[in-house]
Amino acid sequence: MIDIKIKTLLAVVEQGSFTKAAKQLSLTQPAISHHINALEEELERKIFIRGKSDLKLTPDGEIIVKYAKRMNSINDKLISVLSNPGHALSNVRIGITHTSESNLITEVLAKYSRKSYGASITIITDTISNLYNMLENYELDLAIVDGKPSGKGLRSLMLDTDYLVCVLANENPLAKKEMVTLKELKKEKMILRLPSSATRMQFEAQLERIDENISDFDVIIEVDNIATIKDLIRKNLGVSILAKSACMDEVSKNKITVLPIENLSMIRETNIVYHKDFDNNDILEKIMKIYRDTKRTE
């Protein structure tokens, strides 16, 4: 149903060259060039800047590719829905953040997939900004993220609330306390998430709220993988700021300690985010119910 020129464009962008795109699509390189030239003539816009060894999108090209991805995703979804009895979604693509990967979200989605006969789930883990981009392009059906969306075309459903805590090794002297002060925290070696993560942004925003700055803390390493951070903490190589939900398994097994931080209120929402035209409310209701039942039994 979708124009072959769109398929060609996306293949060229993915592969980074006309030659590789031709191989992927089982076409000749002249055919690829013809498709791109025809698309540029049709839209009256230049899509690529052709260098000697690489291709670069023009500003117009970036916009065209953005909408091409959206068109392709909607086309794939249409074919999937029409081929399924009852026109239900046969595969639900759900994006989650790295934080969600470490708590009961993945367990809940696995349970949903088992209980939903004829349906499967594809989980994509990425940064919150990339998840929103994929959601906007219809590459995702749902995203489970921290905070509420700002896009006008998106809606959200609150799944849970969580809060950030100081995470440290049981051997750390501070682990014997009931709380950690910022003065004490400044003396610790800190292992933090990347600046682009929601966890890091919330921590820095709360510091700024009370006229503090992340530069006053001894950040020795930045890691995006939460499992790696917790492993380094268990070895007493530093302390971190993480969502409490991402640490509960280790806390229950007495592997690490979590403490609140004086003067910082870091409560946040976990929301299911979706397009306003997403009309599969039964999926949302099932995920919500399984989440609550799973949390209740923990």
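Reply: At 17% relative accessibility, Arg70 counts as buried; the word buried means under 20% relative accessible area, exposed means over 50%, and partly exposed lies in between (1.4 Å probe, protein chains only). The model is a predicted one, in which local features need pLDDT of at least 70 and side-chain atom pairs count only at pLDDT 80 or more, whereas totals for chains, interfaces and linings use all residues. Residues are numbered from 1 along each chain as its sequence is written, and side-chain values use heavy atoms, with hydrogens and water left out.

Arg70 belongs to helix 4, which spans residues 59-82. Helices (H or I, at least four residues) and strands (E, at least two) are DSSP runs, numbered from the N terminus. A polar atom of the Arg70 side chain lies 3.1 Å from the backbone oxygen of Glu136. When neighbours within four places in sequence are set aside, Arg70 is in contact (heavy atoms within 4.5 Å) with Glu136, Asn137 and Tyr138.

Asp162 sits in strand 6, residues 154-169. Asp162 is buried yet has no salt bridge, and the nearest side chain of opposite charge, that of Arg268, is 4.6 Å away. In this account Lys and Arg count as positive and Asp and Glu as negative, while His and the chain ends are not counted. A salt bridge is a side-chain nitrogen of Lys or Arg within 4 Å of a carboxyl oxygen of Asp or Glu. The side chain of Asp162 does make a polar contact with the side chain of Ser245, at 2.5 Å. A polar contact is a pair of N or O atoms within 3.5 Å; within protein, one must be able to donate a hydrogen and the other to accept it, and residues adjacent in sequence count only if both atoms are side-chain atoms. Beyond its neighbours within four places in sequence, Asp162 is in contact with Ala243, Lys244 and Ser245, and also with Met266, Ile267 and Arg268.

Salt bridges do occur elsewhere. Side chains of opposite charge can pair when their charged atoms come close. A search of the whole structure finds 21 salt bridges. One of them joins Arg200 to Glu204, with the closest N and O atoms 2.7 Å apart. These two residues lie in helix 8 (residues 198-209), 4 residues apart, about one turn of the helix. Arg200 is buried, at 7% relative accessibility. A further salt bridge links Glu107 and Lys111, whose closest N and O atoms are 3.2 Å apart. Glu107 and Lys111 are separated by about one helical turn, because they are 4 residues apart in helix 5 (residues 105-115). Glu107 is partly exposed at 34% relative accessibility, and Lys111 is also partly exposed, with 29%. Lys46 and Glu40 form another salt bridge through their side chains (3.9 Å, N to O), and Glu40 is buried, with a relative accessible area of 8%.

Two loop residues complete the comparison. Ser26 is found between helix 2 (18-25) and helix 3 (29-43), and this residue is exposed, with a relative accessible area of 65%. Its phi is near 60 degrees, a positive value in a residue other than glycine. Asn236 likewise has a phi near 60 degrees; this residue lies in the loop between helix 9 (226-234) and strand 9 (240-243). Asn236 counts as partly exposed, at 37% relative accessibility. The C-alpha atoms of Asn236 and Asn172 are separated by 6.9 Å, although the two residues are 64 residues apart along the chain. Apart from neighbours within four places in sequence, Asn236 is in contact with Ala169, Glu171 and Asn172.

Finally, the whole chain provides the setting. The chain has 11 helices and 11 strands. Its C-alpha atoms fill a box of roughly 70 × 50 × 35 Å, taken along the principal axes. Of the 298 residues, 46% are buried. Among contacts with a separation of 6 or more, 72% are between residues 24 or more positions apart.
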